Every structure is written in structure tokens, then in C-alpha cells.
Amino acid sequence: MSVRRVVARVLAVVGVAALVVAIGLGAWAWKSSLLPGSYNVMDYGRQDYGGGAIPPGGHAVHGGVSVDTLHGPTGRPDVRYRLVAQQATVRLPSGKQIEALTFDGTVPGPVLRAHRGDLVEVTLVNRDVDPGVTIHWHGVDVPNAEDGVAGVTQNAIPPGGSHTYRFPAVQTGTFWYHSHESSSSQVARGLFGAFVIEPREPAANSSLDLPVVAHELHGIETLGGRDGTSRRTVSPGTVVRLRLVNTDNAPKPFVLSGSSFRVVAIDGTDLNRPGSIDDRPTLRVAAGGRYDVELAMPSSPVALRVDGTTATLVLSPGDGGTVVPEDTAGANFDPLTYGEPTAMPFAASSAFDRSFTLKIGRKPGFLDGHPGMQWTLNGGIYPDVPMLMVEPGDLVKLTLVNDTSTVHPMHLHGHHALVLSRDGRPATGSPWWTDTLDVEPGSRYELAFRADNPGLWMEHCHNLNHAAAGLTMHLAYVGVATPFVTGGDAHNHPE
Ligand code: C2O
Ligand code: CU
């Protein structure tokens, strides 16, 4: 045999061997990515103690305090609601009809209101939504068992079933509720609504409090469930509070024109001394986030629209003022420098009990047997993601880093975090508390929160398609475990 042929043969053998190894590794990677039909979410997370104390023997994933014992108070509720999850055909003002999933037959579902200090009771009835539904109180720091996450804090409620949530309204502000069962499809199809907690003292007489939920239904942009332009008569001088809620998966660019205004709250927390804005900035509200804006109704029309769409809400002073104000959008509004600082229980200089870094990335791999470019959290593909471990009372620093080319609206359940800095620039405006924060490509946020609400809480991207594709993990209090499982007979699929 010539040298050449020998070399060729060796190369062929090596090539085949390499191929066999590659296929073997691929098969192993594929197989090891498969998720069982049912599993406890705590069995997978890599426990990360953030440099803080580790309980002797580590955290027991089973046993301990059950999530199911962390319910809201008993006693007589101050407000009571009943929501019926049902399929319905929704007719938009343009005449378009949409087969939706709804609460009480409408999209959005009814606005629920409570006052601070109320004990709220909501009974969820599932008429016909398969395989089940839950209600999560987005942004409301409820007791853990009332958090409404299928497979983590409860079982999904099947058609014909019902479930009662009870929690004290300890915050004031704009929140929303949505199903947290198959949420990527159920929320998109309409299972959501606004939830408002008002202060105890009544608002001024001539005021208008208007939740405005923006949602794209089957590709049609809607404001408050209406497509195109809707109008509302408001007498001049009225103090108008618009509660902007983004229930979609992408940032929502709201533009308000025709009046100066203030951004008075973000994610259900009032801002300190917010200044008057009159350069018509784009209010880019994160997916799942909320901005409250306040204005004094002028004697000419005011328009709120979602930039790049036809969805517009016109407030008109009544006398046939039909001119819609000119509406070119300005630069993005930036909460980092807006309003004035005031003393907070902690700051960047505080001594933190635990510090976590959560880096969002992307790499090729398998997710539950599916090959592709996958989202990663600290390098791991779901379920190989960190589980942030805390103890009650801990002061926690959380650094969010986005190493991808897509924005990720990161949402932490059960807690509000104070923004300390963005890309190394300290927050210098009003204290900015968030529960749903857009982490832009390449950016880095430092946040701080007090671990004051024991339980097992989701921390996930509120682009719910990203969450369903693995951008999801948990914040766990040492000693708390869940008896619920993902999958299983209850068909629990939180994402
Ligand atoms: Cu708005 Cu985990 O959800
Ligand atoms: Cu995301």
C-alpha cells in the first residue's frame, strides 16, 4: 500500500470514529436534556447561596415548610371578586372578531380594585379553559401560596374547578393579573386584566383614574381592549391618572401628546417628586411592567398612542375637539435620572448578606430534547439554571447582565427591587423600585431587595415565549419546599 493510501485509510477511520463519538455525545446531550413527564422544580436548580450562609447539610429540597402553608390571612374579606375563565368570541370596535380566552368574557378581564389595607378575596372559576388556569397577581407581593403559579404554588384549576385566593393589599399602585398556566399562550390569548390598589384616602373630586392595558390580540394592537382610535370626554381641569400596563412580550412604546405630564409611578410604586415632562418622550414600558402618568386635562385634546400602531386613546375636552395632537415620538424616557432621591432603607453602599449575578446568554444545545440556540442563565440551559437561595431578612444584591442581542424583561415574583445602577452609572433620580425590568442587550443592572416574603418564587423573563424556552428560574427561601410538580396529572405548565 502506498503511503498515500495508508494516510487516506487512517483518516477515514479517524473520521468515522469522530463521527461516532459526535453522534454519541449528541445523543447523550439530547437524552440528558429530556425532562420527565413530571418533576419538582427544586430538583434541578443549582443552589446558589450568593456568598451568604449555607445551612448545615445544604438546603433540603423536600420536606421542610411547604409552600402550601404560606397562605393569606383568614377572616372577613373587605373586597370580593369572582372571575370566570372562559372561551369567548371578542368583537373589537373595528368589527374584527377574535376567538379569545377571557376572564368574564372580555379582554382585558374586568378591572379589579381594592384599597390599601383591604383583605382581598378572589374566586377563580374555570368554565372551559383546557388544561387549566391559575391567577398570578403580577407585582403584588402576596403570601407565597396565593401567587398562582401552576406546579410551584398550586395545581392548575381544571375546567369545572374553582380556587380562592386571599391576600392583604399592602401596596398601592397599578398591577395586573394573569394566568400562570401555559402563560405564554394563555396570556397572549387574553387571560389577563388590570388590578388597582388605591390609597385609603379618596382621590380629589375632579379626577379620572383610568387603567389602560395595551395588548396585541391576534396581531391587532389594542388599548383597553379597543383597536383603532377610541375617544373619551374629559372636562378641562380634571386630574387624569393613566395606568399604562403592558401585557405583551415586547417593550411597549407609549407616546402621550397634547399635554405636559408626570410619570408618577413605576411598577406599582410612586416616584419621589417626579418632574413635569413636555418634550413628548417615548415611554417604553417593559413587557409586564407598568407606568402611571398624571396630567391636568387641558382645553384641547390629549392623545395616548402606541408608537408604530394605530391604537390611540383620545381624551377630548368635550366641545367637539376632534383634532388629534401631533405625535412624533421623542427620545426614551429614562427612570434612572428622573425625579428626586430620598432616603431609602438601603443603598448601593449597604452591607449585603448575599450577592447574586444572573447572566443571560445564548448557546447551541438541547432544551427538553429540542436542538437549537438556547437561552442560558449563568451558562446553563434550563433546567440546569441557578436557584437563588436566601433566608428571611437577608439584604440581597442582584446583578442582571444581558449578554444577548435581545431585550429581556426580568420579573421577580413576591418582591420589589430597588435599582442601584445601570452599566455602572448610579441611579440618581427618585428611588426606582421595579418588579419587571427591561435589561437591554449588553446592559447590566444592579438591584437590591430585602428577602421579606418567605416562599418559592419565580424569577423569569416576561417575554413569556422566552420563559417557555427556558428563561426561568427560582428564588428559594432556605427550608421552604413545594409539594407541587410541573407536568403530572394536573397538567401544570407554568410557562
Ligand atoms: Cu407576570 Cu411569572 O409573571
Ligand atoms: Cu427574555
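Buried here means under 20% relative accessible area. The legends below describe a predicted model.

**Figure 1. Overall chain.** The chain holds 3 helices and 36 strands. Its C-alpha trace spans about 100 × 60 × 50 Å along the principal axes. Among contacts with a separation of 6 or more, 76% come from residues 24 or more positions apart.

**Figure 2. Salt bridge between Asp 267 and Arg 290.** Asp 267 has a relative accessible area of 2% and is therefore buried. Arg 290 also counts as buried, because its relative accessibility is 0%. The two side chains meet in a salt bridge with an N to O distance of 3.7 Å. This pair links distant parts of the chain, with Asp 267 in the loop between β17 (262–266) and β18 (269–270) and Arg 290 in strand β20 (residues 290–296), 23 residues apart.

Figure 3. The whole structure contains 23 salt bridges. In one of them, the side chains of Arg 243 and Asp 209 meet at 2.8 Å, N to O. Arg 243 belongs to strand β15 (residues 239–246) and Asp 209 to strand β12 (residues 207–217), so the pair ties together parts 34 residues apart in sequence. Arg 243 is buried at 4% relative accessible area, whereas Asp 209 is partly exposed at 26%. Both residues belong to one network of salt bridges with shared partners, which also joins Arg 113, Glu 198, Arg 241, Asp 270, Asp 292 and Glu 294.

**Figure 4. Salt bridge between Glu 221 and Lys 252.** The closest N and O atoms of this salt bridge are 2.8 Å apart. Glu 221 lies in strand β13 (residues 220–223) and Lys 252 in strand β16 (residues 252–257), so the bridge ties together parts 31 residues apart in sequence. Both Glu 221 and Lys 252 are buried.

**Figure 5. Surroundings of Glu 146.** Glu 146 is found in the loop between β8 (136–138) and β9 (162–168). Glu 146 is buried but has no salt bridge, and the nearest side chain of opposite charge, Arg 166, is 6.5 Å away. A polar contact of 2.9 Å joins the side chains of Glu 146 and His 71. Beyond its neighbours within four places in sequence, Glu 146 contacts residues including Leu 70, Trp 137 and Phe 167.

**Figure 6. Copper site (ligand 2).** His 408 (ND1), Cys 461 (SG) and His 466 (ND1) coordinate the copper ion at 2.0 to 2.1 Å. Along the chain, the donors follow the spacing H-x52-C-x4-H. Cys 461 is buried at 0% relative accessibility, and His 466 is buried at 9%.

Conventions: Residues are numbered from 1 along each chain as its sequence is written. Chains are lettered from A and ligands numbered from 1 in the order in which they are written. This is a predicted model: local features need pLDDT of at least 70, side-chain atom pairs count only at pLDDT 80 or more; totals for chains, interfaces and linings use all residues. Side-chain values use heavy atoms; hydrogens and water are left out. Donors are N, O and S atoms within 2.8 Å of the metal (3.2 Å for Na, K and Ca); water is not among the atoms, so sites may look incomplete. Buried means under 20% relative accessible area, exposed over 50%, partly exposed in between (1.4 Å probe, protein chains only). Helices (H or I, at least four residues) and strands (E, at least two) are DSSP runs, numbered from the N terminus. Lys and Arg count as positive and Asp and Glu as negative; His and the chain ends are not counted. A salt bridge is a side-chain nitrogen of Lys or Arg within 4 Å of a carboxyl oxygen of Asp or Glu. A polar contact is a pair of N or O atoms within 3.5 Å; within protein, one must be able to donate a hydrogen and the other to accept it, and residues adjacent in sequence count only if both atoms are side-chain atoms. Contact means heavy atoms within 4.5 Å.
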